[in-house]
Amino acid sequence: MHDAIIIGAGHNGLAAGVILAKAGWKVLILERNEQPGGAVQTAEVTLPGFRHDLFAANLSLFAGSPFFQEFGSQLREYGLEFVQAPKPFGSVFERGGFIGVSTDLEETVASIGRFSPPDALAWQSLYEEFQRSAAFLFPLLSVPMPSFALARGLWKGMRKLGRRWPSDLLRLLLQSPREFLQEHFESPQVQAMCAAWGMHLDFPPAMAGGALFPYLESMASQMNGMALGKGGADSMIQALVLLFESLGGELCCSSPVRRIQISADGASGVEIEEGRSIGCRRAVIANLVPTVLAGLIPGQGLSESERHRIGRYRYGPATMMVHLALSGLPDWEAGGQVQDFAYVHIGNSLQEMDRVYSEAISGRLPERPMLVVGQPTAVDPARAPNGNHILWIQVRALPAAIAGDAAGKIEARDWESARKPYAERVLDRLESFAPGLRSKILSRCVLSPTDLQTHNPNLVGGDSLGGSHHLHQNYLLRPFPGWSRYRTPVRRLYMCGASTWPGAGVGAGSGRLLARMLTGKGRSP
Ligand SMILES: Cc1cc2nc3c(=O)[nH]c(=O)nc-3n(C[C@H](O)[C@H](O)[C@H](O)COP(=O)(O)OP(=O)(O)OC[C@H]3O[C@@H](n4cnc5c(N)ncnc54)[C@H](O)[C@@H]3O)c2cc1C
């Protein structure tokens, strides 16, 4: 009999599987799709030889994770290789402006200085402070929440950085991007360049609790650049699978779990689609968001009040992906240097981003979509044949259900019909910053919010993040008060994944923390 069954081969499920298998547990991972990886997939969805990261592309979180520190050398043996982008991100602005962040601090400072000399100095001093605090800050994101390790980490930081550090940190955690950025920078463009990172999560500039991510992403990019998976993000998944199997783990794809079996003393196994049951002794682990998990728990397994609470779990706004096969990189109006950057953000100002977000959550298709334009072939040319290129365009943020169009032009009220016209709006917007782009398109693949959820039920309504990260659902409240340490109300049924601390992204944090707890390396849940 298996010791653990893991439902879902997302990277967190796989990371948990590796740690449990290494500790001698007999582990089975069941994945509904033909391919493992969940929101980390690479496929030739436009033309042969054009390898697109369908969802996640930026693997910096994984490259910097404690999981990679522990297993990196083995994962490299199984084929994982990163390509490091020394020019990780920048923003283009209307009328041709561009600010870019490069790992060469002087270059970044010069780029910011063209917009505001005081902001160039402010960036330098923020970065100096980050260099001092990073060694204490990042470990706090890799410990269970709450835990003694967290308190210890805060104590250590306080001893080194001064008594004010915990309260300064708390202030940062509570601030909105706007409050934080306006405190540090005067230029609206510099503020917008950093605030764009908040929109990767569900933090528009005005949202309390949203300052941390723009701060960390901006500063960590300055320090390390951006890591992409060589040849595609799926190289990370393939290496995880090979490592897991080398440790005796078993992965079954095309095996959706239909129901979790619950006996008198807790979760005892799962029922898979063919009506077949598989038992396990020690743990059923769901790499699932709460509402999907609740759908697998039979009636008596959860109280009415728990079901009610799960039903109120809040998902973030939707996202849409546009993948292009191109004959050449975009000719950015802001200049040829923009082609060297891994990510180019299109979001002109804090006001514009706030507006996009409020349009999205009120159900309207944003008039001026905010775009994250990834240029993977700028750093990894082998992803497209014969000197051609690919573009990875993430549209942030969109309504999951369409009630109207902020521009009053698109009549469709479901994503099946809105997919095409909205993709045209996205391309028009891009074309206004990179004239001639349309003439370079060889083929395209558009994934609407509904397509995302069809591929992976965890992407509820096209939410890429496994649920909102607003303060009431983050840190020790993620996903719910009392569940933050991967426990559920059912004995021996545990959760990991983007809905659990430390949240979304490819850092393998929750899979690692849960498996360490189960194997006695962290505190038992
Ligand atoms: C478009 C997009 C872009 C993103 N970009 C980035 C990025 O650049 N960098 C970054 O760090 N993060 C990014 N993210 C977020 C990141 O990809 C996710 O937070 C992360 O991959 C989630 O991993 P997970 O382990 O929680 O599970 P998931 O990736 O959600 O995997 C869960 C798995 O469970 C399977 N499953 C579901 N139900 C069942 C069932 N009943 N039986 C069996 N299997 C089941 C699913 O098929 C899936 O394979 C992006 C996400 C999206 C959607």
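This is a predicted model: local features need pLDDT of at least 70, side-chain atom pairs count only at pLDDT 80 or more; totals for chains, interfaces and linings use all residues.
Trainee: Which element gives the most to the shell around the ligand?

Mentor: There are 40 residues around the ligand, and Gly8, Gly10, Asn12, Gly38 and Gly497 come nearest. Two elements give two or more residues to this shell, α1 (11-22) and β13 (318-326). The one that gives the most, with 3 residues, is α1.

Trainee: How many residues of the shell around the ligand are charged?

Mentor: The shell has 21 nonpolar and 17 polar residues. The charged residues in the shell around the ligand number 2.

Trainee: Is the crossing of α8 and α9 left-handed or right-handed, and which residues of α9 make the contact?

Mentor: The crossing of α8 and α9 is right-handed. On the α8 side, the contact is made by Pro177, Leu181 and Gln182. By class, this contact has 4 nonpolar, 3 polar and no charged residues. From α9 come Gln191, Cys194, Ala195 and Gly198.

Trainee: How many charged residues has the contact of α5 with α6?

Mentor: The axes of α5 (residues 117-140) and α6 (residues 148-161) come within 9 Å and cross at roughly 170 degrees, so the two helices are roughly antiparallel to each other. Arg132, Ser133, Phe136, Pro139 and Leu140 of α5 meet Leu150, Gly153, Lys156, Gly157, Lys160 and Leu161 of α6. By class, the contact has 5 nonpolar and 3 polar residues, and its charged residues number 3.

Trainee: Which strands stand at the edges of the open sheet of 7 strands?

Mentor: The order of the sheet is β7-β6-β14-β16-β17-β13-β19, and its pairing is mixed. Each edge strand has a single partner, so one side of each is left without a neighbour in the sheet. Neighbouring strands are turned by 20 degrees against each other on average, direction ignored. The edge strands are β7 (97-101) and β19 (441-447).

Trainee: Which residue in β17 is the bridge partner of Met370?

Mentor: Strand β16 spans residues 370-374 and strand β17 spans residues 389-398; they pair in the antiparallel sense over 5 bridges. The bridge partner of Met370 in β17 is Arg396.

How values were computed
Residues are numbered from 1 along each chain as its sequence is written. A residue is near a molecule or strand if its C-beta atom, placed from the backbone, lies within 6 Å of it. Helices (H or I, at least four residues) and strands (E, at least two) are DSSP runs, numbered from the N terminus. Ala, Val, Leu, Ile, Met, Phe, Trp, Tyr, Cys and Pro count as nonpolar, Asp, Glu, Lys and Arg as charged, and the others, Gly among them, as polar. A crossing is left-handed if the near helix is turned anticlockwise from the far one by less than a right angle, and right-handed if clockwise. Two residues are in contact if their C-beta atoms, placed from the backbone, lie within 7 Å. Two strands pair if DSSP finds at least two bridges between them. Axes are lines fitted to C-alpha atoms, for helices over the stretch in contact, and angles run from 0 to 180 degrees between N-to-C directions. Angles under 35 degrees count as roughly parallel, over 145 as roughly antiparallel, 65 to 115 as roughly perpendicular and the rest as oblique.
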